[in-house]
Amino acid sequence: MTDIAADTDVLVVGGGPSGLTVASELALAGVRVTVLERRTEPVQSRAGTVLPRVLELFDARGLADRFFERARSIKSNPLIPVHIWAGMKPVHWHHLNSRFGFRLIMPQNMTEELLLEHAREVGVDVRQGATVEKVRQDADGVTVSATHAGNRLELTSRYVVGADGGRSVVRRQAGIGFEGHGATFTGIVADVRTRPLTDDGRAMTDNEHGWVTSFPFGEDTDGTPVTRFNIVHAERRHAEQSEPVTADEVRRCLSDVLEQEVRFDGLRWASRFTDALRIATAFRDRRVFLVGESARIHYPASGVGMNFCIQDAFNLGWKLAAVLNGHADDALLDTYETERRPVAEELLRSVEAQCAVQFNFTPEGVAFKRMFQKHLLPLPDVNRRIALELNGLTSPYPRIPGSHPLTGQRTPDLELVTPDGIRRVGELLREQRFLLIDCTGDGAYEGLDTEAMPLRTVTGVPVVTGPELRGVRSLLIRPDAYVAWVGEETPDPQTAAEHVKHWIGARR
């Protein structure tokens, strides 16, 4: 039986965090989008952290409060102001100068539940239990063949986004390479029915036997507390990834590293992870795009990987929508790779550096970690640099030479006194439009014709500004909360319009 579906604008293959996010961004802009997800059951709880930069992006879509509310079901105060790097702590989030100076502990299945709820609210067609087999593209569009509910399914679209993970069918069908190296060691992630090891719920230890971190991970169906353990054991790291994780193995590893017995009946869930590291040779092939783990895989250093995947999706979503809606030409889509590939490459370099330090269990390696954690990590410049690195914010997106230093950077946490009261950028971006701000409060841009463009103009005086905003009179902010243009001269509508049209408003 064959079901020939009506054409859709974009097919997203994969309904994980990056796939659901890019689909929602497209649907918010009025684009017809269908998600094909192989799974029919919730994902096992792999990722467990939502970082400040992603909370900023969720806030720009009015989603942050949902995540805070759900996180409180795990821990009454789920806002964690510090993090780790290479197994060392603390990295302080306050260095980011964000209203979200904390991270959330949240299992990936909860993150996906919230993102799926949002996707359906904005009109995304999500089809679970759909296994994609072939992807064929030509000059006019893409055809995807799949099976769904026992039927053959064929869908046509103008573009396809591969969000189907490290074994991506979309990537292979597009003929995109995947370069890097395979596993050199394995680690263990285990969710067990036991109370946290410490009063605040978090613990981390390393020595010559290995490394362990733990934190509360909600409750089982009967209300029993669940604790997550991440383990790299000096001896057991040579186990094959396919070897099942046993309760006895977890007990032994914890006993060796923690030097205490952890009592639990059995494993609620466990898996092995590796340090395999690969990156796609291209993030785009004509009408096919890759986001998230389809574009790269790596050891889950510091637990930040999912956050970079979601940031990919926010970057691609508004651009693809702008092209489909006729606000920009195809050249805009090339900026997805020119902006996100350097971020992904820097992430992989960071992962390799962290692994080299964190899993050196020799006496010399342990001594170096103790020295670094005690004397270097607390230095403000070092701590801030690592906080930015963990959020993918160490370098601006490519910009025209001579641009203001803010151009290409994430948008400052700005509040404005406007004729409608005090408004902040995170709220003003919720329509998923470009935001053109006259920071003088004189209403210079109120006469711009924005009827046919995804652009909103605002006039207001900043309430509090940091040194980076000194002298700034105009700001053009992208839908993904990055600065597109900064003006220091008296606001001029014609000049602003030229910068707007660099991104949107007319096919270039």
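Residues count as buried when their relative accessible area is under 20%, as exposed when it is over 50%, and as partly exposed in between (1.4 Å probe, protein chains only). Helices (H or I, at least four residues) and strands (E, at least two) are DSSP runs, numbered from the N terminus. The model is predicted: local features need pLDDT of at least 70, side-chain atom pairs count only at pLDDT 80 or more, and totals for chains, interfaces and linings use all residues. Residues are numbered from 1 along each chain as its sequence is written, and side-chain values use heavy atoms, with hydrogens and water left out.

The chain contains 12 helices and 29 strands. Its C-alpha trace spans about 70 × 65 × 40 Å along the principal axes. The radius of gyration, taken over C-alpha atoms, was compared with a globule rule of 2.2 Å times the number of residues to the power 0.38. For 508 residues a compact globule would come near 23 Å, and the chain agrees, with 23 Å. Buried residues make up 57% of the 508 residues. Contact means heavy atoms within 4.5 Å. Among contacts with a separation of 6 or more, 69% join residues 24 or more positions apart.

Helix α10 (residues 380-390) has the buried residues Asn383, Ile386, Ala387, Leu388, Glu389 and Leu390. Just after α10, Gly392 takes a positive phi of about 70°.

Helix α7 (residues 305-324) also meets helix α2 (residues 52-59); their axes come within 9 Å and cross at roughly 35°. Axes are lines fitted to C-alpha atoms, for helices over the stretch in contact, and angles run from 0 to 180 degrees between N-to-C directions. The crossing of α2 and α7 is left-handed. From α2, the residues Arg53, Val54, Leu57 and Phe58 take part, and they meet Asn307, Ile310, Gln311 and Phe314 of α7. By class, this contact has five nonpolar, two polar and one charged residues. Here Ala, Val, Leu, Ile, Met, Phe, Trp, Tyr, Cys and Pro count as nonpolar, Asp, Glu, Lys and Arg as charged, and the others, Gly among them, as polar.

Side chains of opposite charge can pair when their charged atoms come close. A salt bridge is a side-chain nitrogen of Lys or Arg within 4 Å of a carboxyl oxygen of Asp or Glu. The structure holds 46 of them. One of these joins Glu154 to Arg136, with the closest N and O atoms 3.5 Å apart. Glu154 lies in strand β12 (residues 151-162) and Arg136 in strand β10 (residues 130-137), so the bridge ties together parts that are 18 residues apart in sequence. Glu154 is partly exposed at 29% relative accessibility. Arg136 is partly exposed at 37%.

Glu243 and Arg236 form a salt bridge with an N to O distance of 2.7 Å. Glu243 is partly exposed, at 33% relative accessible area; Arg236 is partly exposed, at 21%. Glu427 pairs with Arg423, the closest N and O atoms being 3.9 Å apart. Both partners are partly exposed, Glu427 at 28% and Arg423 at 23%. A network of salt bridges links Asp59, Arg423, Arg424, Glu427 and Arg430.

Most residues other than glycine have a negative phi, and most peptide bonds are trans. The peptide bond from Lys89 to Pro90 is cis, with omega near 0°. Pro90 sits in strand β7. Asn97, in the loop between β7 and β8 (103-105), has a positive phi near 55°. Asn97 is exposed, with a relative accessible area of 62%. Arg286 has a positive phi of about 55° although it is not a glycine. Arg286 lies in the loop between β20 (284-285) and β21 (288-290) and is exposed at 52% relative accessibility.

Asn360 is found in the loop between α8 and α9 (363-376). Its relative accessible area of 28% makes Asn360 partly exposed. Beyond its neighbours within four places in sequence, Asn360 is in contact with Gly365, Val366 and Lys369. The C-alpha atoms of Asn360 and Trp211 are separated by 10.0 Å, and these residues are 149 residues apart along the chain.

Note on methods: Left-handed = near helix turned anticlockwise from the far one by under 90°.
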